[in-house]
Amino acid sequence: KFLKAGKVVLVLQGRQAGKKAVIVKNFDEGTKERPYPHAIVTGVERYPLKITKGMGQKRVAKRSRVKAFIKVVNYNHLMPTRYNLDIDLKQIVSAESFKEPTQRVTSRKAVKKLFEERYNSGKNRWFFQKLRF
């Protein structure tokens, strides 16, 4: 019951294994299509690169890009952290955004924009750093 919206988790299995993600919506009881506890998560697929003083604006802008992903993940494949991210993704990502690929793409782009704004503002820098393990 501690996996709630806004909780930062690590994805443990699949293509996004080892990536940080945020829970958007959780289904503790499961649904008809997915009869197991799962959550809709959105996270960072490609982290921004390191920036130094000597770099120009164009290069800094290019290196500050974030690639996001949206995924439905079983609770067994999520490792919760003690952190929360106060970012409102409920309006952007919903169960409906998985119905059609175009909706998924648009919601992913919206999440990407939000993540990039958050990164460039300098808040939650730890979330946009690669996990070293």
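A: Buried means under 20% relative accessible area and exposed over 50%, with partly exposed in between (1.4 Å probe, protein chains only). The model is predicted, so local features need pLDDT of at least 70 and side-chain atom pairs count only at pLDDT 80 or more, while totals for chains, interfaces and linings use all residues. Residues are numbered from 1 along each chain as its sequence is written, and side-chain values use heavy atoms, without hydrogens and water.

Start with Y75, in the loop between β4 (67-74) and β5 (78-84) (helices, H or I of at least four residues, and strands, E of at least two, are DSSP runs numbered from the N terminus). Y75 has a relative accessible area of 15%, so it counts as buried. In sequence, Y75 is 47 residues from D28, yet their C-alpha atoms are 8.7 Å apart in space.

E116 belongs to helix α2 (residues 101-121). At 19% relative accessible area, E116 is buried too. A polar atom of the E116 side chain lies 3.1 Å from the backbone nitrogen of V66.

In the segment after α2 comes N124, which is buried with a relative accessible area of 17%. The side chain of N124 makes a polar contact of 2.5 Å with the side chain of R118 (N or O atoms within 3.5 Å, one able to donate a hydrogen and the other to accept it; residues adjacent in sequence count only through side-chain atoms on both sides).

For contrast, take R15, in the loop between β1 (7-11) and β2 (20-27). R15 has a relative accessible area of 70% and is therefore exposed.
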